[in-house]
Amino acid sequence: MFEKLFKLVEHGTTTKREIMAGFTTFLTMGYIIFVNPSMLAMTGMDQGAVFVATCLAAAIGCFIMGFYANYPIALAPGMGLNAFFTFTVVMELGYTWNVALGGVFISGVIFTILSIFKVREWIINSIPHALRFGIAAGIGMFLALIALKNSGIIVASPATLVTLGEITSFGPMMAVLGLFLIVGLVSLNVNGAVMIAIIVITILGLMFGDVTYNGIMSMPPSLAPTLAQLDIAGAFEIGMISVIFAFLFVDLFDTSGTLIAVAHRGNLLDDNGNLPRLKKALLADSTATIAGSMLGTSTTTSYVESTAGVAAGGRTGLTAVTVGLLFIAALFFSPLAGMVPAYATAGALFFVGVLMIGGLVHVKWDDLLDAVPVVVILVTMPLTFSIADGIAFGFISYTAVRIFSGRFADISPSVWFLAALFVSKFAFM
């Protein structure tokens, strides 16, 4: 049956190897079952329901990717996008989480249409590399700032905007210890380093009486508080246009970059350097986003942590299906997820931020026309607490410096259009 479904022999792999690769991938990305519910709960969403939605959305995405696209790529609610959902759309802009879920749904539908009609390639190819790297790194900076804020390492200050918190108190110290533990385990090539660190810090919280023990396993919480609670009509408000665009734009580049990175690591590209069955892989991503919004979670996307499973020998969709089954099994560990304090996930947020910031090595820093827009994104995204605003300022500055330098030919039609759209947003909305 597995041979018929996944063509194991053709891909030079075995059932055992694929299943072990799935376990490896899950261990590297399983931290999302702790991080995502705690983050979205800040919007007022029921944490137990979000936990179930997170596991189910991830499982659905993995199953579609495995059975339909036959790739060893796992999916789950994306980091950065969940922070944008919580801190920008709901907490800053003031929309309800129901409307925010409606925005996720609409972005998923648009992503599906773009994938079917192959518009994605045109969009990706027309966006400058500098902006792509800058946006990814800006999100990394945003996550790092959230980690510092949630752990109490930095706090608000009326005089200087932000200042150093009580770093010798328990929470900040545990957050720092968690980060160092992750880095140490990763450097030792330990699978599941992030998840291990989160659990260790949570246990320390229990030992020192800072965390209340609620058990390890139980029947899954009710999904009713978030199931089909999205407000699609409310998401059509004019102010949500830039929000939906940000959901779509970040997911588009995140997914494309992840697919290529994983495929390259597993030698899954064809002779021309293209990814076969790309449309199917993209449809798996967009379909999972739509399903996730209906269940009650932010945008679902492909995880670059899938490279760990590919490195362990995963070559087919059986790896992704294995990850999906493990997310189903994780449904029964909701008490453990509910005990995880914010400082236990802060190290994970900061670590993911570091990985995303690493793309800056590809920026041409000796070219001011590239360097300035990238720095604009790096500064504005975390300081405005908005991925959407960071993207907007990036496109505007990229276009402006080329206009003033007489480099009109460097500006593609899509960049002209997006820059004008963002200028109009700030001017009239």
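Phe332 counts as partly exposed because its relative accessibility is 31%, a value between the 20% limit for buried and the 50% limit for exposed residues. The model described here is predicted. Phe332 is located in the loop that connects helix 14 (317-330) with helix 15 (334-339).

The volume of the second largest pocket is about 350 Å³. Its lining comprises 17 residues, of which Leu145, Ile154, Val162, Pro382 and Phe385 are the closest to the centre. Two or more lining residues come from each of helix 8 (129-151), strand 2 (154-157), strand 3 (161-164) and helix 17 (368-383).

Helix 8 makes the greatest contribution to this lining, with five residues. By residue class, the lining of the second largest pocket consists of 16 nonpolar residues and one charged residue, with no polar residue.

## Residues with positive phi

Asn70, although not a glycine, has a positive phi of about 55 degrees. This residue belongs to the loop between helix 4 (47-69) and strand 1 (75-77). Asn70 is classed as buried because its relative accessible area is 9%, which falls under the 20% cut-off.

Ala228 is likewise a residue other than glycine with a positive phi, here near 55 degrees. Ala228 is found in the loop between helix 10 (193-207) and helix 11 (241-265).

Technical notes
Residues numbered from 1 in each chain as written. Predicted model: local features only at pLDDT ≥ 70, side-chain atom pairs only at ≥ 80, totals over all residues. Heavy atoms only, no water. Helix = DSSP H or I, 4+ residues; strand = E, 2+ residues; numbered from the N terminus. Buried < 20%, exposed > 50% of the residue type's maximum accessible area, 1.4 Å probe, protein only. 1 Å grid on protein atoms, 1.4 Å probe; cavity = no way out; pocket = protein on both sides within 12 Å on 5 of 7 lines; lining within 4 Å. Points joined across faces, edges and corners; volume = space filled by probe spheres on them. Nonpolar A, V, L, I, M, F, W, Y, C, P; charged D, E, K, R; others polar.
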